[in-house]
Amino acid sequence: MKNRNIEKIEAITLSTLVVGVDIAKVTQWARFVDYRGLELGKALKFHNDKNGFDSILASIETICKNKRFDDVIVGMEPTGHYWKPLANYLIMHGIKVVMVNPYHTKRAKELDDNSQTKSDKKDALTIAKLVRDGRYYEVYMPQDIFAELRVLTNSRISLMKRHNALKNTITAVMDEYFPEIVKVFKNPLKGKASMQILKSCPFPSLILELGVDGVLAEIKKAVKKTVGRKKAEQLIEIAKTSIGVGYGLVSAKLKLELMIEELELLTKQLAKIETSMDLALVDTGYGEIILGIPGIGVVTAASFLGEIGDPMRFDNPRQISKMAGYNLVEDSSGKSKSGTAISKRGRKSLRSILYQMAIIMVAVNAEMRELYEYLKTRQNNPLKKKQALVVISKKIITVIYNLVKKQTEYKAELVLGEFRKNQIKQAA
């Protein structure tokens, strides 16, 4: 099979116009070169709006007509989210768009003038020459249901960050004003009774003011069962000896009320997102297959597909692993040789999702747990816990890809394969 980099270089022919675009929020630059890297025409400065997009398209069409180019390939860096409208516009007009790694641009820009000077105009030319040399990767803008899943996944990640940050801030307030509350409620932010206490009487002075009956009445507003008296009595006892600070109580209570109100809103929003993810997962046609794997739930399955798009666009599971940054790298020179490590040059959120999957699967999936224990305890090159979880993550990718490709259900006896089973058996 032909090397992928060679295929990329061969795609740039005599009749190919290569365009490099430096993306920015307001003003962007484009440079045009041929297959040799020789610049064609003047650099184009255009705005990030419809008129600007029309101008670059007009410039491309003019150069193609004058120089008789048949093909066009436009390269750009994935700068935040600003690249997406232009990429979508060009793709809709039948122009191929590819991505260049910003790290490569940073390293290559000094080659032409031996200067570390940075400018958007200069970067555009560097990007064009990197594309000419085949140093790019295909852009993937998911469509249909996979586009919906990606938006839902990104929305959930954003909500979860805010949700967790808010919980940490609430915990910090309680640690300052009433740290002993965890002796009564192990996790005050879980459970109806504890949440009601946080809303109504979160501090020792307020609890003592209400007394047992008053605290019990507050608990019964959230929990109808008659089991709250013991909790109320415990709260009164620890409130008497609390080391929490006693200043700024009015403002602190208001702050707490507002944060809890926001936390409850975020919880409802997360529930809506997850319901939508469940429905979208079904529409992919892969939901039933992936959810049949013990240890994978709706959220992780939907998030996985949201990150990678349609699994069938990949030729093999190794491409998905590389997309996640799981490809191994080493640093060797002469007689010195470092150990191998994952590159981490890939989608960080995809690695996070796979890591969550791996943690759950080694707990509930017998095959993955067996492999995990073997990797940690094997005689030759035993792995640390995190290293073993990376291997499990890559195994999860392989299992999902093969099941989806073959449209078959999960079969425990086929997960490890005969070679791996013999390894585990010999190590036992």
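Biologist: What does the side chain of Lys8 reach in this predicted model?

Modeller: The side chain of Lys8 reaches the backbone oxygen of Tyr136, at 2.4 Å. A polar contact is a pair of N or O atoms within 3.5 Å, and the 2.4 Å of Lys8 lies within that limit.

Biologist: Where is Lys8 placed, and which residues does Lys8 touch beyond those up to four places away in sequence?

Modeller: Lys8 belongs to helix α1, residues 4-11. Leaving aside residues up to four places away in sequence, Lys8 touches Gly134, Tyr136 and Tyr137.

Biologist: Why is Lys8 said to have no salt bridge?

Modeller: The nearest side chain of opposite charge is that of Glu138, 6.3 Å away. A salt bridge requires a side-chain nitrogen of Lys or Arg within 4 Å of a carboxyl oxygen of Asp or Glu, so Lys8 has none.

Biologist: What makes Arg68 count as exposed?

Modeller: Its relative accessibility is 71%, and exposed means over 50%, so Arg68 counts as exposed. Arg68 is located in the loop between α2 (50-67) and β4 (71-76).

Biologist: Why is Gln407 called partly exposed?

Modeller: Gln407 has a relative accessible area of 49%. Buried is under 20% and exposed is over 50%, with partly exposed in between, so Gln407 is partly exposed. The loop between α16 (385-406) and α17 (417-427) holds Gln407.

Biologist: What is the phi of Arg68, and what is the phi of Gln407?

Modeller: Arg68 has a phi near 60°, a positive value in a residue other than glycine. For Gln407, also a residue other than glycine, phi is positive and near 50°. Most residues other than glycine have a negative phi.

Biologist: How many helices and strands does the protein have, and how do you know whether the protein is spread out or compact?

Modeller: There are 17 helices and ten strands. The radius of gyration is 29 Å, whereas the globule rule gives 22 Å for 428 residues; the value is well over the rule, so the protein is more spread out than a compact globule. Along its principal axes, the C-alpha trace spans about 90 × 60 × 50 Å.

Biologist: What share of the residues is buried, and what share of the accessible surface belongs to carbon and sulfur atoms?

Modeller: Of the 428 residues, 43% are buried. The accessible surface comes to about 24100 Å², and 53% of it belongs to carbon and sulfur atoms.

Conventions
Residues numbered from 1 in each chain as written. Predicted model: local features only at pLDDT ≥ 70, side-chain atom pairs only at ≥ 80, totals over all residues. Heavy atoms only, no water. Helix = DSSP H or I, 4+ residues; strand = E, 2+ residues; numbered from the N terminus. Buried < 20%, exposed > 50% of the residue type's maximum accessible area, 1.4 Å probe, protein only. Lys, Arg positive; Asp, Glu negative; His and termini not counted. Polar contact = N/O pair within 3.5 Å; in protein donor to acceptor, adjacent residues only side chain to side chain. Contact = heavy atoms within 4.5 Å. Rg over C-alpha atoms; globule rule 2.2 N^0.38 Å. Areas by Shrake-Rupley, 256 points an atom, 1.4 Å probe, with all protein chains shown as cover.
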